[in-house]
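Please open the model in your viewer and keep the sequence panel beside it. The stops below move from whole chains to single residues.

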Amino acid sequence: MVRLVAFLVGVFFSGMLLLGLGDTVITAIKEPAVPTAEHDFYEKPLAVSFAHDGPLGKFDRGQLQRGLKVYSEVCAACHGLSLVSFRNFADLGYSEDEVKAIAKGWKTEVPTINPETGEPATRPAIPADRIPSPFANEVAARAANNNALPPDLSLITKARADGPAYVYSLLLGYREQVGYKNAEGKELLKEFPEAATPPGLNFNPWFATLNIAMAQPISADDQVTYDDGTKATQEQMAKDVSAFLTWTAEPKLENRKSAGWAALGFLIIFTGLAWMSYKTIWAGKKH
Amino acid sequence: MSFPWAQQYKPQSTVMQWVDERLPLPRLVYNAVGAGYPVPRNLNYFWNFGVLAGVALVIQIVTGIVLAMHYYASIDGAFNSVEHIMRDVNAGWFLRYAHMNGASFFFIVVYIHIFRGLFYGSYKAPREMIWLLGVTIFLLMMATAFMGYVLPWGQMSFWGAQVITGFFSAIPLVGEPLRQWLLGGFAPDQAALNRFFSLHYLMPFVIAGVIILHVWALHIPGSSNPTGVSVKGEQDTVPFHPYYTAKDGFGLGIFLIAFVVVTFFAPNLLGHPDNYIPANPLSTPAHIVPEWYFLPFYAILKAFTVDFAIPFTGIILVPAKLMGVLAMFGSILLLFFLPWLDTSPVRSGHYRPLFRKFFWFGLIPCLVVLTYVGAQPPYTQWVVLSQLGAAYYFAHFLIILPIISRIERPLPLPNSITEAVTGKPLQTEAVAETPLRPAVA
């Protein structure tokens, strides 16, 4: 009885699946999938390497400081960093006084209330504060950005596939759309004339829909003046800020890797000893 | 416990003797995982994975309890409380990554454990009850893992909850009210998050309870072994301790090395980037994908594309969506009937030439394909593969297995475990193979 019912259920499910397979194939032949501009012209993130890559990688503190400078002078105008506190900047190699100065000098002040009137007010930031967001709320952010919402950047390198390379590529990925050809030599507007970037958006093949609301943020060399004398090329700025955003997303990266090596060392010794006791105990016992 | 020659517990100290006389807990442990449990001497490394699954559960419970001390089950605060754990709680990043990857490793271990059972026929008499309890544990694990994935309240948490609870709305008549009752609202919201947290905390302890029954049921007939031949005498077994405690210790070391490599050096490898975006009910992700361990079942769900209808009348008997949901649950529930579908008296796949071919060249590739296409967008080639894979999956268990167990001519079995190991025939007279348990000591 069990086997009969099972057989019937099996025939039903497998039969319906094979029927569906036929249907899928016929549909695919009758109505072949229409190629889309997003599918054919989207570019995977560029290959870029960082000091913190790999199991032994450590953050390049100088690079993180440069990245912070790019963030605060370019990105912070629109993008928040709400999960990071000023005190965390001590991890970038800043002294306590320097952190205080960065907080105090931050362009956006921290919302508070006037202690006498209870009216909304702002005050300069202190190290214990989170980085203040550039807009009071989502409505204000959208109102100032043509109805687009600039995402918070705290976790951006973990919230995108191949995150650090994604940020780097996106920042450098703005192109003139007229006449744009991909690596295969196909011209976008010839293949997909309807894919022309709508007004208010910007063409960027490293963005999933090819059109991004954000205007090109890094557009010229020396847009930021680095304190350490590094030449601020566009590639350098894009790379530094993606390294910085890797740190904001994963501030414990170095602790994680060093703890990993310690755990691995312990376990290799443990496993070796376990192997020896296994061999000793089973010695002479055929199995 | 199970064999007459099992060693008896002898308290080493007066304290243990005092305890044992009043509460024979030391005796219980001794008989369960100590020298009092005789185990076949020929177990291979696949037999390590039961103990490893137990360790994985302990890792999940310990890390989970500490995480719950810092987690905040609120739709406004859950995401940030997880980030608080990652950034500000002492070693919080470790607890969270260990818990997150611990779930994946729990599934890896349990899948290998299940495949061990499938290949070596561990579900056959007299071990059906162990298998049934095992499938129950697997179902409980899936529910627990799903609810755990919702807790960080990221984009995939929210939309995963939306999709999975949406399965229930495919049930005719009561579906939609049932879904709302389960969620406590029209969509996943605070009520759903709170109850998922409550159940996610509860269910591991239910799993632990069923594991006790699983191990209890195991100790009635004793462990199976790679030859599938029953234990015939004392020479076929060794005491669990120290023989298998030592072997499991080594296996545990290898398991923990793999776990540590992923947890510390590639902690987000098995996760989805979208879950680092806070949940947004107004923005649907481009591809909603479950965790990797659900992908084969998700592929089966998506593989059903045509309604079951009476031709030319337009009367739909079973809509494709409902069929997909039934098939997805059916794909796991059919495992409950496996002991009665595979009627071959030979347990081990080693001695079943036909079964072995379908296992390695049918079932395993089919599951690899289903896992892969489960994560793919619905392009024609992936839909076709998922339909082929799912059709084979059901055919394998429901049609092919019952047939091959009838027509197959198994290879000759060794007379005993000892003979298989040493190549020498047994010295003592072989005891007739009994399908049920030997006399309890």
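What you are viewing is a predicted model, in which local features need pLDDT of at least 70 and side-chain atom pairs count only at pLDDT 80 or more, while totals for chains, interfaces and linings use all residues. Residues are numbered from 1 along each chain as its sequence is written, and chains are lettered from A and ligands numbered from 1 in the order in which they are written.

Begin by selecting chain A. Its radius of gyration is 27 Å, whereas a compact globule of 287 residues would have one near 19 Å. Along the principal axes, the C-alpha trace of chain A spans about 80 × 70 × 50 Å. Colour by secondary structure and you will find nine helices and four strands in chain A, where helices (H or I, at least four residues) and strands (E, at least two) are DSSP runs numbered from the N terminus. Of the 287 residues of chain A, 30% count as buried; a residue is buried if 20 or more other C-beta atoms lie within 10 Å of its own, exposed if 12 or fewer, and partly exposed in between, with C-beta atoms placed from the backbone.

Next, select chain B, which has 16 helices and four strands. The radius of gyration of chain B is 24 Å, close to the 22 Å that the globule rule gives for 441 residues, so chain B is as compact as a globular protein of that length. Its C-alpha atoms fill a box of roughly 75 × 65 × 40 Å along the principal axes, and 44% of the 441 residues of chain B count as buried.

Now show both chains and turn to where they touch. The contact takes 47 residues from chain A and 50 residues from chain B, two residues being in contact if their C-beta atoms, placed from the backbone, lie within 7 Å. On the side of chain A that touches chain B, helix 1 (2–30) and helix 9 (253–282) are the elements that give two or more residues, and helix 1 of chain A supplies the largest share, 19 residues. The residues on that side of chain A divide into 30 nonpolar, eight polar and nine charged; Ala, Val, Leu, Ile, Met, Phe, Trp, Tyr, Cys and Pro count as nonpolar, Asp, Glu, Lys and Arg as charged, and the others, Gly among them, as polar.

Zoom in on B:Phe337, in the loop between helix 12 (320–333) and helix 13 (338–341) of chain B. Leaving aside neighbours within four places in sequence, B:Phe337 is in contact with A:Val2 and A:Ala6. B:Phe337 counts as partly exposed, because 19 C-beta neighbours lie inside 10 Å.

For a contrasting stop, select B:Asp248 in helix 10 (residues 240–265) of chain B. Is B:Asp248 buried or exposed? B:Asp248 is buried, with 25 other C-beta atoms within 10 Å. Not counting residues up to four places away in sequence, B:Asp248 touches B:Asn48 and B:Val51.

How values were computed
Rg over C-alpha atoms; globule rule 2.2 N^0.38 Å.
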